[in-house]
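Here is a short briefing to read alongside the structure. Keep the viewer open and look up each residue as you go.

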Amino acid sequence: MAAVYEHAVILPHPTQEPVSPSDALALMDKNMDVLEGAIKEAAQQGAHIIVTPEDGIYGWRFTRESIYPYLEDIPDPVVNWIPCTDPSRFGPAPVQERLSCMARNNSIYVVANIGDKKPCDSSDPSCPRDGRYQYNTDVVFDTQGKLVARYHKYNLFRGETQFNYPKEPEAVTFETPFGKFGIFTCFDILFYEPAVVLVSKMQVDTVLFPTAWMNVLPFLTAIEIHSAWAMGMRVNLLSANTHNTSMAMTGSGLFTPEGPAAYHYDSATEEGHLLLAELSTHPCLSPTYPPAINWSLYATSIKKFPGENDTFSGPVRKDIFTFRELRHKDGNYTVCQGDLCCHLVYQMSDKRKDEVYVLGAFDGLHGSLIKYHWQICTLLKCPSTNLSTCGQPVEMAQTKFEMFSLSGTFGTSYVFPEVLYSGVQLAPGEFKVLRDGRLKSKHGTSKPLITATLFGRLYEKDQPHPLRISL
């Protein structure tokens with residue numbers, strides 16, 4: 001039984017100057033009061049583990065200097081430490097002490113995101129001028145309150161200038177009576193290290209995922225991409241997001257290889273939310289565990305359909321897609337870009353005059369500062385009948401489909417499937433992926449469709465990280 005808590009974080013007042021340690025702790029205690037309530041409730045409902053969000057204890061809006069009072073020295077878990085019973089062993093650690101006691105008092109594994117500080121000196125050529133490293137850090141405490149895992153975030157999102165990159169990516173795992181777990185944070189999920197390494201090489205059963213995810217329709221919505229990743233990697237993913245509607249932060253879930261066991265998306269209220277679900281301890285041993293997929297098998301066998309040159313270009317944010325309008329109630333369509341050809345067979349329940357759908361393909365680098373390579377095939381609703389709007393965010397639709405089958409000539413085995421319905425809702429149990437790489441509806445769509453998408457990641461084509469080249 002697993003739980004995640006989407007937390008509406010109490011934020012500090014923005015300041016360039018560091019506050020006092022007591023003021024920093026006072027703010028963190030306010031957030032931990034809320035988290036403690038969620039942890040107690042989860043434990044009472046039988047949860048073995050609970051994941052809380054990235055930035056869930058002190059928020060954001062920090063400079064490198066102003067975050068310092070919120071940081072603690074977090075030791076390597078090999079030291080065999082229970083902060084709840086020995087709080088001063090590694091210096092002042094009131095946050096770790098309280099988290100440890102929450103785990104111990106409720107007999108539950110607690111996963112939280114805090115900040116680590118490590119001193120360094122001139123003998124280390126990478127040592128920052130202020131003489132310390134600062135890390136965005138996940139910690140895990142077991143049912144006795146012992147620190148069993150510590151992970152330093154490797155792929156920092158732009159703007160996280162208050163933190164340092166670890167010199168090397170960390171592949172952090174730990175064993176429990178209910179499976180082998182791995183852990184990483186937010187932006188990490190889009191990269192080979194540590195995300196793919198944990199699953200492909202370390203063979204974890206479940207990934208713990210504190211995040212502060214800002215939703216970007218139509219493709220980078222939290223529940224959409226996180227559910228897709230769990231299905232594509234064929235592992236459980238426990239995703240706990242921060243909740244802040246002004247920054248489009250919402251969307252948490254307990255995601256499995258078969259789809260979401262439970263999820264939450266709320267852009268209307270300012271409230272936190274606790275989710276619980278029973279998951280397979282070892283999903284790969286489950287009779288419903290999905291088979292390995294040859295993601296390009298079907299698409300590469302297709303002869304291109306006529307009229308495929310009837311295409312136009314359009315941006316999804318800054319990525320230029322090749323689109324083709326679905327002009328008929330049903331049909332076969334192909335659209336290509338670069339090395340990727342996307343194929344769609346579909347039948348709409350009704351061809352509305354006020355709604356336009358397109359088949360889209362993208363094969364290229366995504367991102368501004370940090371560039372990584374996507375191959376994307378998508379059946380996508382446009383915000384209006386004006387084709388120049390295709391690719392812009394859209395949340396609502398009215399068109400249902402009797403059937404669809406989407407596939408692509410992907411140059412990677414890492415492909416992540418997902419279907420998103422009107423109102424930013426997932427479609428659990430309503431689609432399947434065949435072993436030949438086709439994403440198919442089972443019995444049509446029960447709700448109007450925003451997008452059906454296959455996200456392919458060509459990790460080997462990513463550009464070198466511009467901020468880590470000097471490390």
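Let's begin in a loop: Asp55 sits between β2 (49-51) and α2. This is a predicted model, and in it Asp55 has a positive phi of about 60° although it is not a glycine. The chain as a whole is divided into domain 1 (2-285) and domain 2 (296-461).

**Backbone features to look up**

- Most residues other than glycine have a negative phi, and most peptide bonds are trans.
- Asp55 is buried, because its relative accessible area of 11% falls under the 20% limit.
- Arg317 is another residue other than glycine with a positive phi, near 55°.
- You will find Arg317 in the loop between β13 (312-316) and β14 (319-325), where this residue is exposed, with a relative accessible area of 56%.
- Glu193 and Pro194 are joined by a cis peptide bond, with omega about 5°, and Pro194 belongs to helix α3.
- Leu217 and Pro218 are also linked by a cis peptide bond, with omega about 5°; Pro218 is placed in the loop between β8 (206-211) and α4.

**Where the two domains meet**

- The centres of domain 1 and domain 2, taken over C-alpha atoms, are 32 Å apart.
- At the interface, 27 residues of domain 1 are in contact with 31 residues of domain 2.
- The size of an interface is often given as the accessible area lost when the parts come together.
- Here domain 1 and domain 2 bury about 2,500 Å² between them, and 76% of that is on carbon and sulfur atoms.
- Leu217, Pro218 and Phe219 supply 26% of the area that domain 1 buries against domain 2, more than any other three residues.
- Four residue pairs are in polar contact between domain 1 and domain 2, counting pairs with both residues at pLDDT 80 or more.
- On the side of domain 1 that touches domain 2, α3 (192-200), α4 (222-233) and β11 (259-264) each supply at least two residues.
- Of these contributions, the largest share comes from α4, with nine residues.
- By class, this side of domain 1 has 21 nonpolar, four polar and two charged residues.

**Salt bridges**

- The whole structure holds 17 salt bridges.
- Arg98 pairs with Asp33 in a salt bridge, their closest N and O atoms being 2.5 Å apart.
- That pair links distant parts of the chain, with Arg98 in helix α2 (residues 94-106) and Asp33 in helix α1 (residues 21-44), 65 residues apart.
- Asp33 counts as partly exposed, at 47% relative accessibility.
- Lys153 and Glu160 form a salt bridge with closest N and O atoms 2.7 Å apart.
- Buried or exposed: which describes Lys153? Lys153 is buried, at a relative accessible area of 2%, and Glu160 is buried too, at 13%.
- Lys461 and Asp339 meet through their side chains in a salt bridge (3.9 Å, N to O).
- Lys461 lies in the segment after β24 (449-457) and Asp339 in the loop between β15 (330-337) and β16 (340-348), so this pair ties together parts that are 122 residues apart in sequence.
- Lys461 counts as partly exposed at 38% relative accessibility, whereas Asp339 counts as exposed at 58%.

Definitions and conventions
Residues are numbered from 1 along each chain as its sequence is written. This is a predicted model: local features need pLDDT of at least 70, side-chain atom pairs count only at pLDDT 80 or more; totals for chains, interfaces and linings use all residues. Side-chain values use heavy atoms; hydrogens and water are left out. Domain bounds come from an automatic or database domain assignment. Contact means heavy atoms within 4.5 Å. Buried area is the accessible area (1.4 Å probe) that two parts lose on being put together, summed over both. A polar contact is a pair of N or O atoms within 3.5 Å; within protein, one must be able to donate a hydrogen and the other to accept it, and residues adjacent in sequence count only if both atoms are side-chain atoms. Helices (H or I, at least four residues) and strands (E, at least two) are DSSP runs, numbered from the N terminus. Ala, Val, Leu, Ile, Met, Phe, Trp, Tyr, Cys and Pro count as nonpolar, Asp, Glu, Lys and Arg as charged, and the others, Gly among them, as polar. A salt bridge is a side-chain nitrogen of Lys or Arg within 4 Å of a carboxyl oxygen of Asp or Glu. Buried means under 20% relative accessible area, exposed over 50%, partly exposed in between (1.4 Å probe, protein chains only).
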